[in-house]
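Hello,

Here is the structure I promised to pass on to you. Please have a look at it first, and then read my notes below.

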Amino acid sequence: MFMEPEFCNASVVLLGKFELEGFLPEAMAQAKIISQKEAKAAQFLTLLPGAVVKYRLTWADITIEPGRLLFATDRPPYV
């Protein structure tokens with residue numbers, strides 16, 4: 001018997017103090033968290049300097065605010 005999953009997405013939210021510049025795609029690639037190819041392909045959805053940055057990678061949406069960091073995905077195998 002095959003069971004259908006109840007959820008088809010996952011999110012991780014971290015609370016704290018985050019410097020927006022440290023989580024930009026270029027900075028994450030430099031820290032080897034993501035590849036240079038992923039960083040160059042990132043699509044910015046929201047960019048308000050000092051307030052909020054939101055961008056999309058092939059496998060996740062990432063939102064950075066001064067007090068919150070959010071990773072959201074609906075892509076296997078990350079769910």
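β4 and β5 run antiparallel and are joined by 5 bridges. Strands here (E, at least two residues) are DSSP runs numbered from the N terminus, as helices are (H or I, at least four), and two strands pair if DSSP finds at least two bridges between them. β4 and β5 make a hairpin, with 2 residues between them, and Glu65 has Arg68 in β5 opposite it.

Before I go on, a word on the source: this is a predicted model, in which local features need pLDDT of at least 70 and side-chain atom pairs count only at pLDDT 80 or more, while totals for chains, interfaces and linings use all residues. Residues are numbered from 1 along each chain as its sequence is written, and side-chain values use heavy atoms, with hydrogens and water left out.

Now the sheet as a whole. In general, the strands of a sheet pair through backbone hydrogen bonds, in either a parallel or an antiparallel way. Here 5 strands make an open sheet, ordered β1-β5-β4-β3-β2, with antiparallel pairing. β1 (10-15) and β2 are at the edges with a single partner strand each, so one side of each has no neighbour in the sheet. From one strand to the next, the twist averages 5° (axes are lines fitted to C-alpha atoms, for helices over the stretch in contact, and angles run from 0 to 180 degrees between N-to-C directions).

Going through the other pairings, β1 and β5 are antiparallel over 6 bridges, and Val12 faces Phe71 in β5. Strand β3 (residues 52-56) is joined to strand β4 (residues 61-65) by 4 bridges, again antiparallel; in this pair Tyr55 stands opposite Ile62 in β4.

Rings of Phe, Tyr and Trp (its six-membered ring) pair if their centres lie within 6.5 Å; planes under 30 degrees apart count as stacked, over 60 as edge-to-face and the rest as tilted. That rule gives 2 aromatic pairs. Phe18 and Phe23 are edge-to-face, at 5.7 Å centre to centre with 75° between the planes. Phe18 is buried at 16% relative accessibility, whereas Phe23 is partly exposed at 21% (buried means under 20% relative accessible area, exposed over 50%, partly exposed in between, with a 1.4 Å probe and protein chains only). The ring centres of Phe44 and Tyr55 are 5.7 Å apart and the planes are at 50°, so this pair is tilted. Because Phe44 belongs to strand β2 and Tyr55 to strand β3, the pair ties together parts 11 residues apart in sequence. Phe44 is partly exposed, with a relative accessible area of 39%, but Tyr55 is buried at 0%.

Two more residues deserve a glance. Leu45 is in strand β2 (residues 43-48) and is partly exposed at 40% relative accessibility. Leaving aside residues up to four places away in sequence, Leu45 touches Lys54, Tyr55 and Arg56 (contact means heavy atoms within 4.5 Å).

Thr73, in strand β5 (residues 68-73), is buried with a relative accessible area of 12%. A polar atom of the Thr73 side chain lies 2.4 Å from the backbone oxygen of Trp59.

Best wishes

Conventions
A polar contact is a pair of N or O atoms within 3.5 Å; within protein, one must be able to donate a hydrogen and the other to accept it, and residues adjacent in sequence count only if both atoms are side-chain atoms.
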